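Visitor: I am new to this structure and would like to learn how to read it. Could you show me the model and take me through a few features?

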Amino acid sequence: MISLQKLTTPPDTQLKNLGWDWMLGQDTLPYLTNEVVVIQPADADAYYEAANELFDMFVAAGQHIIDENRFAEMGIPTNLIELIKLSWEDDRHIHLYGRFDLAGGVDGQPIKLIEFNADTATCLPETAVVQYAHLKANGLDESVQFNAVFETLTGQFEELLAMNPDLQPTLLLSAMRDFPEDDANVALLGEAAREAGFDIEFDFIDNVEFSAEEGIFWQNPKNGQFERLDFWFKLIPWESIAEDEPELVELLTQIVRKRLAVVLNPAYTLLFQSKYILKILWELYPNHPLLLETDTKPLAGKPCVEKVLFGREGANIRILNADGTERQAAEGDYGDYPKIYQQYVEFPQDSTGYTYQAGVFYAGEACGVGFRRGSLILDNRAGFVGHMIR
(Lines give C-alpha, C1' and ligand atoms only; values in the text may rest on other atoms or scores of the structure.)
Protein backbone atom coordinates (compact mmCIF):
# COMPACT_ATOMS: atom_id res chain seq x y z
CA MET A 1 0.00 0.00 0.00
CA ILE A 2 1.28 3.46 -0.94
CA SER A 3 1.96 5.66 2.09
CA LEU A 4 1.00 9.32 1.64
CA GLN A 5 1.65 12.42 3.72
CA LYS A 6 -0.42 15.57 3.32
CA LEU A 7 1.43 18.89 3.04
CA THR A 8 -0.78 21.81 3.96
CA THR A 9 0.88 24.51 1.84
CA PRO A 10 0.69 24.10 -1.97
CA PRO A 11 3.84 24.87 -3.96
CA ASP A 12 2.43 27.76 -6.02
CA THR A 13 3.59 30.62 -3.80
CA GLN A 14 6.93 29.04 -3.05
CA LEU A 15 7.60 28.58 -6.76
CA LYS A 16 7.07 32.29 -7.33
CA ASN A 17 9.29 33.12 -4.34
CA LEU A 18 12.01 30.95 -5.83
CA GLY A 19 11.62 32.67 -9.19
CA TRP A 20 10.77 29.39 -10.90
CA ASP A 21 7.22 30.25 -11.98
CA TRP A 22 8.45 31.09 -15.49
CA MET A 23 8.81 27.41 -16.27
CA LEU A 24 5.29 26.34 -15.42
CA GLY A 25 2.79 26.19 -18.24
CA GLN A 26 -0.83 26.85 -17.44
CA ASP A 27 -1.56 23.15 -17.71
CA THR A 28 0.95 22.19 -15.03
CA LEU A 29 -0.32 23.31 -11.64
CA PRO A 30 -3.94 22.06 -11.68
CA TYR A 31 -2.94 18.41 -11.68
CA LEU A 32 -0.53 18.64 -8.74
CA THR A 33 -1.61 17.30 -5.37
CA ASN A 34 -1.03 18.44 -1.78
CA GLU A 35 0.22 14.97 -0.89
CA VAL A 36 3.57 13.28 -1.29
CA VAL A 37 4.48 9.62 -1.52
CA VAL A 38 6.58 8.50 1.45
CA ILE A 39 9.42 6.17 0.48
CA GLN A 40 12.22 4.56 2.44
CA PRO A 41 15.92 5.38 1.91
CA ALA A 42 16.36 1.85 0.56
CA ASP A 43 13.58 2.51 -1.98
CA ALA A 44 15.38 5.59 -3.30
CA ASP A 45 18.62 3.62 -3.57
CA ALA A 46 16.83 0.83 -5.41
CA TYR A 47 15.30 3.24 -7.96
CA TYR A 48 18.74 4.77 -8.55
CA GLU A 49 20.43 1.42 -9.04
CA ALA A 50 17.62 0.05 -11.24
CA ALA A 51 17.69 2.98 -13.67
CA ASN A 52 21.48 2.83 -13.98
CA GLU A 53 21.42 -0.90 -14.65
CA LEU A 54 18.55 -0.56 -17.12
CA PHE A 55 20.35 2.11 -19.12
CA ASP A 56 23.36 -0.15 -19.55
CA MET A 57 21.02 -2.89 -20.73
CA PHE A 58 19.38 -0.52 -23.23
CA VAL A 59 22.80 0.40 -24.63
CA ALA A 60 23.64 -3.27 -25.08
CA ALA A 61 20.28 -3.84 -26.77
CA GLY A 62 20.86 -0.85 -29.05
CA GLN A 63 24.20 -2.27 -30.16
CA HIS A 64 22.53 -5.64 -30.78
CA ILE A 65 19.83 -4.01 -32.95
CA ILE A 66 22.45 -2.25 -35.06
CA ASP A 67 24.75 -5.27 -35.34
CA GLU A 68 21.89 -7.59 -36.30
CA ASN A 69 20.10 -5.03 -38.51
CA ARG A 70 16.78 -5.37 -36.66
CA PHE A 71 15.51 -1.89 -37.54
CA ALA A 72 12.45 -3.13 -39.42
CA GLU A 73 11.22 -5.18 -36.45
CA MET A 74 11.67 -2.11 -34.26
CA GLY A 75 9.41 -0.05 -36.51
CA ILE A 76 12.29 2.33 -37.25
CA PRO A 77 11.60 4.41 -40.39
CA THR A 78 14.11 3.51 -43.09
CA ASN A 79 15.06 7.12 -43.69
CA LEU A 80 16.37 7.43 -40.10
CA ILE A 81 18.73 4.45 -40.12
CA GLU A 82 21.76 6.31 -41.43
CA LEU A 83 21.34 9.13 -38.91
CA ILE A 84 20.85 6.62 -36.11
CA LYS A 85 24.13 4.91 -37.02
CA LEU A 86 26.01 8.21 -37.39
CA SER A 87 24.97 9.42 -33.97
CA TRP A 88 25.45 6.01 -32.31
CA GLU A 89 29.01 5.60 -33.56
CA ASP A 90 30.10 9.10 -32.47
CA ASP A 91 30.43 9.38 -28.68
CA ARG A 92 30.12 13.17 -28.90
CA HIS A 93 26.38 12.69 -29.50
CA ILE A 94 25.45 11.92 -25.91
CA HIS A 95 21.99 10.94 -24.77
CA LEU A 96 20.98 14.04 -22.82
CA TYR A 97 18.19 12.66 -20.65
CA GLY A 98 15.19 10.34 -20.50
CA ARG A 99 12.70 8.92 -18.01
CA PHE A 100 12.21 5.32 -16.97
CA ASP A 101 8.63 4.44 -16.07
CA LEU A 102 8.71 1.75 -13.40
CA ALA A 103 6.20 -0.37 -11.50
CA GLY A 104 6.81 -1.26 -7.88
CA GLY A 105 9.69 -0.04 -5.76
CA VAL A 106 7.64 0.76 -2.66
CA ASP A 107 6.02 -1.35 0.03
CA GLY A 108 8.32 -4.24 -0.77
CA GLN A 109 7.17 -4.59 -4.38
CA PRO A 110 9.95 -5.43 -6.86
CA ILE A 111 10.86 -2.79 -9.46
CA LYS A 112 9.81 -3.67 -13.00
CA LEU A 113 10.49 -1.74 -16.20
CA ILE A 114 7.34 -0.53 -17.93
CA GLU A 115 9.10 1.52 -20.65
CA PHE A 116 11.81 4.10 -21.29
CA ASN A 117 10.77 7.57 -22.48
CA ALA A 118 14.18 8.17 -24.05
CA ASP A 119 13.47 10.73 -26.77
CA THR A 120 11.04 13.44 -25.64
CA ALA A 121 10.42 12.78 -21.95
CA THR A 122 8.31 15.35 -20.11
CA CYS A 123 7.49 15.86 -16.38
CA LEU A 124 10.84 17.63 -15.93
CA PRO A 125 9.46 20.77 -14.20
CA GLU A 126 7.29 18.74 -11.87
CA THR A 127 10.09 16.37 -10.90
CA ALA A 128 13.01 18.80 -10.80
CA VAL A 129 11.37 21.86 -9.30
CA VAL A 130 7.75 21.55 -8.20
CA GLN A 131 8.19 18.70 -5.75
CA TYR A 132 11.33 20.38 -4.38
CA ALA A 133 9.42 23.64 -3.91
CA HIS A 134 6.55 21.74 -2.29
CA LEU A 135 8.87 20.55 0.47
CA LYS A 136 10.39 24.01 0.90
CA ALA A 137 6.93 25.59 1.13
CA ASN A 138 6.18 23.32 4.06
CA GLY A 139 9.43 23.95 5.89
CA LEU A 140 10.94 20.59 4.97
CA ASP A 141 14.53 19.97 3.90
CA GLU A 142 14.92 19.16 0.20
CA SER A 143 17.56 16.59 1.19
CA VAL A 144 14.68 14.25 2.13
CA GLN A 145 14.09 13.73 -1.58
CA PHE A 146 15.78 11.76 -4.38
CA ASN A 147 15.99 14.74 -6.68
CA ALA A 148 19.14 16.08 -8.33
CA VAL A 149 17.54 16.40 -11.77
CA PHE A 150 18.49 20.02 -12.47
CA GLU A 151 22.07 19.66 -11.25
CA THR A 152 22.57 16.44 -13.18
CA LEU A 153 21.15 17.94 -16.37
CA THR A 154 23.55 20.86 -15.95
CA GLY A 155 26.36 18.33 -15.67
CA GLN A 156 25.21 16.67 -18.89
CA PHE A 157 25.36 20.00 -20.73
CA GLU A 158 28.84 20.61 -19.30
CA GLU A 159 29.87 17.18 -20.59
CA LEU A 160 28.40 18.04 -23.98
CA LEU A 161 30.58 21.16 -24.18
CA ALA A 162 33.67 19.26 -23.04
CA MET A 163 33.16 16.57 -25.70
CA ASN A 164 32.53 19.05 -28.53
CA PRO A 165 35.24 21.72 -28.16
CA ASP A 166 35.27 22.34 -31.93
CA LEU A 167 31.69 23.67 -31.83
CA GLN A 168 30.42 26.98 -30.52
CA PRO A 169 28.43 26.81 -27.22
CA THR A 170 25.24 27.98 -28.93
CA LEU A 171 22.02 26.04 -28.30
CA LEU A 172 18.61 26.42 -29.87
CA LEU A 173 15.72 24.70 -28.08
CA SER A 174 12.54 24.01 -30.04
CA ALA A 175 9.08 22.59 -29.44
CA MET A 176 5.77 22.60 -31.30
CA ARG A 177 3.44 25.56 -30.97
CA ASP A 178 0.49 25.63 -28.55
CA PHE A 179 1.78 22.99 -26.11
CA PRO A 180 2.51 24.91 -22.89
CA GLU A 181 3.67 21.78 -21.07
CA ASP A 182 6.35 21.31 -23.73
CA ASP A 183 7.38 24.95 -23.39
CA ALA A 184 7.87 24.46 -19.64
CA ASN A 185 10.04 21.38 -20.16
CA VAL A 186 12.15 23.15 -22.79
CA ALA A 187 12.54 26.18 -20.53
CA LEU A 188 13.97 24.04 -17.73
CA LEU A 189 16.43 22.40 -20.11
CA GLY A 190 17.44 25.85 -21.34
CA GLU A 191 18.17 27.05 -17.81
CA ALA A 192 20.34 23.99 -17.14
CA ALA A 193 22.21 24.60 -20.41
CA ARG A 194 22.69 28.28 -19.57
CA GLU A 195 24.14 27.37 -16.20
CA ALA A 196 26.54 24.99 -17.94
CA GLY A 197 27.85 27.77 -20.19
CA PHE A 198 25.67 27.68 -23.30
CA ASP A 199 24.26 30.72 -25.04
CA ILE A 200 20.65 29.68 -25.57
CA GLU A 201 17.73 30.68 -27.75
CA PHE A 202 14.17 29.36 -27.93
CA ASP A 203 11.96 29.15 -30.99
CA PHE A 204 9.23 26.95 -32.39
CA ILE A 205 10.19 24.32 -34.92
CA ASP A 206 8.45 26.10 -37.82
CA ASN A 207 10.81 29.08 -37.36
CA VAL A 208 14.02 27.04 -37.62
CA GLU A 209 15.98 26.92 -40.88
CA PHE A 210 18.11 23.96 -41.94
CA SER A 211 20.87 23.88 -44.54
CA ALA A 212 22.78 20.78 -45.62
CA GLU A 213 25.74 23.03 -46.42
CA GLU A 214 25.74 25.46 -43.48
CA GLY A 215 23.82 23.98 -40.54
CA ILE A 216 20.93 25.10 -38.32
CA PHE A 217 19.75 28.71 -38.15
CA TRP A 218 17.45 30.84 -36.03
CA GLN A 219 16.07 34.22 -37.10
CA ASN A 220 16.77 36.80 -34.42
CA PRO A 221 13.56 38.87 -34.09
CA LYS A 222 15.57 41.87 -32.82
CA ASN A 223 17.42 42.40 -36.10
CA GLY A 224 15.87 39.92 -38.53
CA GLN A 225 19.25 38.28 -39.08
CA PHE A 226 19.68 34.52 -39.31
CA GLU A 227 22.14 33.23 -36.73
CA ARG A 228 23.75 29.80 -36.81
CA LEU A 229 23.64 27.59 -33.72
CA ASP A 230 25.83 24.53 -33.26
CA PHE A 231 23.52 22.57 -30.95
CA TRP A 232 19.79 21.97 -31.42
CA PHE A 233 17.42 20.37 -28.92
CA LYS A 234 14.01 19.39 -30.27
CA LEU A 235 11.11 18.22 -28.11
CA ILE A 236 9.59 16.61 -31.18
CA PRO A 237 9.52 12.81 -31.58
CA TRP A 238 11.95 11.38 -34.10
CA GLU A 239 9.31 9.08 -35.56
CA SER A 240 7.06 12.09 -36.22
CA ILE A 241 9.88 13.92 -38.01
CA ALA A 242 10.65 10.82 -40.08
CA GLU A 243 7.02 10.31 -41.08
CA ASP A 244 5.91 13.93 -41.53
CA GLU A 245 9.11 15.69 -42.62
CA PRO A 246 11.30 13.25 -44.61
CA GLU A 247 13.14 16.17 -46.23
CA LEU A 248 14.17 17.36 -42.78
CA VAL A 249 15.56 13.91 -41.95
CA GLU A 250 17.77 14.10 -45.04
CA LEU A 251 18.95 17.59 -44.09
CA LEU A 252 19.71 16.56 -40.51
CA THR A 253 21.61 13.50 -41.74
CA GLN A 254 23.81 15.76 -43.88
CA ILE A 255 24.23 18.26 -41.03
CA VAL A 256 25.37 15.58 -38.59
CA ARG A 257 27.59 13.83 -41.12
CA LYS A 258 29.36 17.12 -41.96
CA ARG A 259 29.73 18.01 -38.27
CA LEU A 260 27.69 21.20 -38.69
CA ALA A 261 25.62 20.64 -35.53
CA VAL A 262 24.78 18.22 -32.73
CA VAL A 263 21.09 17.28 -32.42
CA LEU A 264 19.56 16.35 -29.04
CA ASN A 265 18.37 13.85 -28.17
CA PRO A 266 20.34 11.95 -30.84
CA ALA A 267 18.48 9.94 -33.45
CA TYR A 268 19.61 6.67 -31.86
CA THR A 269 17.31 7.33 -28.91
CA LEU A 270 14.49 6.14 -31.15
CA LEU A 271 15.92 2.64 -30.64
CA PHE A 272 15.26 3.05 -26.91
CA GLN A 273 11.89 4.74 -27.48
CA SER A 274 10.43 1.93 -29.60
CA LYS A 275 8.60 -0.42 -27.28
CA TYR A 276 9.83 -3.33 -29.39
CA ILE A 277 13.07 -3.00 -27.45
CA LEU A 278 11.17 -4.46 -24.47
CA LYS A 279 10.99 -7.73 -26.43
CA ILE A 280 14.67 -7.55 -27.35
CA LEU A 281 15.63 -6.91 -23.73
CA TRP A 282 13.71 -10.04 -22.73
CA GLU A 283 15.59 -11.99 -25.42
CA LEU A 284 18.96 -10.71 -24.19
CA TYR A 285 18.19 -10.87 -20.47
CA PRO A 286 15.50 -13.54 -20.02
CA ASN A 287 13.90 -13.56 -16.57
CA HIS A 288 15.95 -10.56 -15.45
CA PRO A 289 14.41 -9.28 -12.18
CA LEU A 290 13.88 -5.77 -13.59
CA LEU A 291 12.11 -6.95 -16.76
CA LEU A 292 8.66 -8.21 -17.71
CA GLU A 293 8.17 -10.90 -20.35
CA THR A 294 7.36 -9.28 -23.70
CA ASP A 295 6.49 -10.75 -27.09
CA THR A 296 4.81 -9.89 -30.39
CA LYS A 297 1.74 -11.96 -29.52
CA PRO A 298 -0.37 -12.24 -26.35
CA LEU A 299 1.31 -14.27 -23.61
CA ALA A 300 -0.45 -17.60 -23.32
CA GLY A 301 -2.22 -18.03 -20.01
CA LYS A 302 -0.91 -14.75 -18.59
CA PRO A 303 -2.50 -11.31 -18.25
CA CYS A 304 -0.65 -8.82 -20.44
CA VAL A 305 -0.68 -5.29 -21.77
CA GLU A 306 -0.98 -4.59 -25.49
CA LYS A 307 1.12 -1.57 -26.48
CA VAL A 308 1.79 0.12 -29.80
CA LEU A 309 5.45 0.64 -30.65
CA PHE A 310 5.28 4.42 -30.53
CA GLY A 311 2.28 5.23 -28.35
CA ARG A 312 2.35 8.02 -25.76
CA GLU A 313 0.55 8.95 -22.54
CA GLY A 314 -1.29 5.66 -22.27
CA ALA A 315 -2.98 5.96 -25.68
CA ASN A 316 -3.98 2.77 -27.52
CA ILE A 317 -3.19 0.53 -24.55
CA ARG A 318 -5.25 -2.58 -23.85
CA ILE A 319 -5.04 -4.69 -20.71
CA LEU A 320 -5.86 -8.33 -21.44
CA ASN A 321 -6.85 -11.02 -18.98
CA ALA A 322 -5.09 -14.39 -18.89
CA ASP A 323 -7.78 -15.85 -21.18
CA GLY A 324 -7.26 -13.09 -23.74
CA THR A 325 -10.41 -11.12 -22.95
CA GLU A 326 -10.14 -7.37 -22.63
CA ARG A 327 -10.04 -5.92 -19.12
CA GLN A 328 -9.63 -2.26 -20.06
CA ALA A 329 -8.64 -0.22 -23.11
CA ALA A 330 -7.70 3.35 -23.98
CA GLU A 331 -8.32 5.01 -27.31
CA GLY A 332 -5.71 7.08 -29.11
CA ASP A 333 -4.11 8.22 -32.33
CA TYR A 334 -1.40 5.57 -32.59
CA GLY A 335 -3.44 2.48 -33.44
CA ASP A 336 -1.80 1.94 -36.83
CA TYR A 337 1.56 1.07 -35.29
CA PRO A 338 2.55 -2.59 -34.72
CA LYS A 339 1.97 -3.95 -31.24
CA ILE A 340 3.85 -5.79 -28.52
CA TYR A 341 2.51 -7.62 -25.46
CA GLN A 342 4.10 -7.10 -22.05
CA GLN A 343 3.30 -9.17 -18.99
CA TYR A 344 0.85 -7.31 -16.76
CA VAL A 345 1.98 -6.26 -13.30
CA GLU A 346 -0.06 -4.51 -10.63
CA PHE A 347 0.99 -0.96 -9.78
CA PRO A 348 1.15 0.07 -6.12
CA GLN A 349 -2.13 1.58 -4.86
CA ASP A 350 -3.18 3.94 -2.10
CA SER A 351 -6.15 3.45 0.22
CA THR A 352 -8.52 5.10 -2.28
CA GLY A 353 -7.57 2.79 -5.16
CA TYR A 354 -5.37 5.17 -7.14
CA THR A 355 -2.44 3.47 -8.89
CA TYR A 356 1.10 4.88 -8.83
CA GLN A 357 3.89 4.63 -11.39
CA ALA A 358 7.40 5.84 -10.59
CA GLY A 359 9.20 7.98 -13.15
CA VAL A 360 12.98 7.94 -12.66
CA PHE A 361 14.92 10.46 -14.71
CA TYR A 362 18.25 9.45 -16.20
CA ALA A 363 20.80 12.03 -17.38
CA GLY A 364 24.14 10.23 -17.52
CA GLU A 365 23.00 8.59 -14.29
CA ALA A 366 19.73 8.22 -12.41
CA CYS A 367 18.94 11.58 -10.84
CA GLY A 368 15.40 11.85 -9.48
CA VAL A 369 12.01 10.26 -9.01
CA GLY A 370 8.40 11.46 -9.12
CA PHE A 371 5.10 9.61 -9.34
CA ARG A 372 2.15 9.67 -11.70
CA ARG A 373 -1.15 8.49 -10.32
CA GLY A 374 -4.47 7.61 -11.83
CA SER A 375 -6.58 4.61 -12.72
CA LEU A 376 -5.65 1.24 -14.19
CA ILE A 377 -4.28 2.86 -17.38
CA LEU A 378 -2.26 6.01 -16.69
CA ASP A 379 -3.18 8.41 -19.48
CA ASN A 380 -2.85 12.17 -20.02
CA ARG A 381 -5.33 12.77 -17.20
CA ALA A 382 -2.99 11.25 -14.61
CA GLY A 383 -1.81 13.48 -11.79
CA PHE A 384 1.72 14.13 -10.54
CA VAL A 385 2.67 13.35 -6.95
CA GLY A 386 5.98 14.29 -5.37
CA HIS A 387 7.77 12.27 -2.72
CA MET A 388 9.78 12.45 0.47
CA ILE A 389 12.21 9.99 1.99
CA ARG A 390 11.53 9.01 5.57
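Guide: Please keep in mind that this is a predicted model.

Visitor: At what angle do the axes of helix α2 and helix α11 cross?

Guide: The axes of helix α2 (residues 41-67) and helix α11 (residues 277-284) cross at roughly 100 degrees and come within 10 Å. Angles of 65 to 115 degrees count as roughly perpendicular, so α2 is roughly perpendicular to α11.

Visitor: Which residues make the contact?

Guide: On α2 they are M57, F58, A60, A61, H64 and I65, while α11 contributes I277, I280, L281 and L284. By kind, the residues of this contact of α2 with α11 divide into 9 nonpolar and 1 polar, with no charged residue.

Visitor: How does the domain assignment divide the protein chain?

Guide: The assignment gives domain 1 as 4-274 + 348-389 and domain 2 as 293-343. The centres of the two domains, taken over C-alpha atoms, are separated by 25 Å.

Visitor: How many residues of domain 1 and domain 2 are in contact, and what area is buried between them?

Guide: In this case 22 residues of domain 1 are in contact with 14 residues of domain 2. The area buried between domain 1 and domain 2 is about 1400 Å², with carbon and sulfur atoms giving 50% of it. In domain 1, the residues that lose the most area to domain 2 are E239, L376 and I377, which together account for 40% of what that side buries.

Visitor: How many salt bridges does the rule find across this interface?

Guide: The rule finds 1 salt bridge across the interface of domain 1 and domain 2.

Methods
Residues numbered from 1 in each chain as written. Predicted model: local features only at pLDDT ≥ 70, side-chain atom pairs only at ≥ 80, totals over all residues. Heavy atoms only, no water. Axes fitted to C-alpha atoms, helices over the stretch in contact; angles between N-to-C directions. Helix = DSSP H or I, 4+ residues; strand = E, 2+ residues; numbered from the N terminus. Parallel < 35°, antiparallel > 145°, perpendicular 65-115°, else oblique. Contact = heavy atoms within 4.5 Å. Nonpolar A, V, L, I, M, F, W, Y, C, P; charged D, E, K, R; others polar. Domains from an automatic or database assignment. Buried area = accessible area lost by both parts, 1.4 Å probe. Salt bridge = Lys/Arg side-chain N within 4 Å of Asp/Glu carboxyl O.
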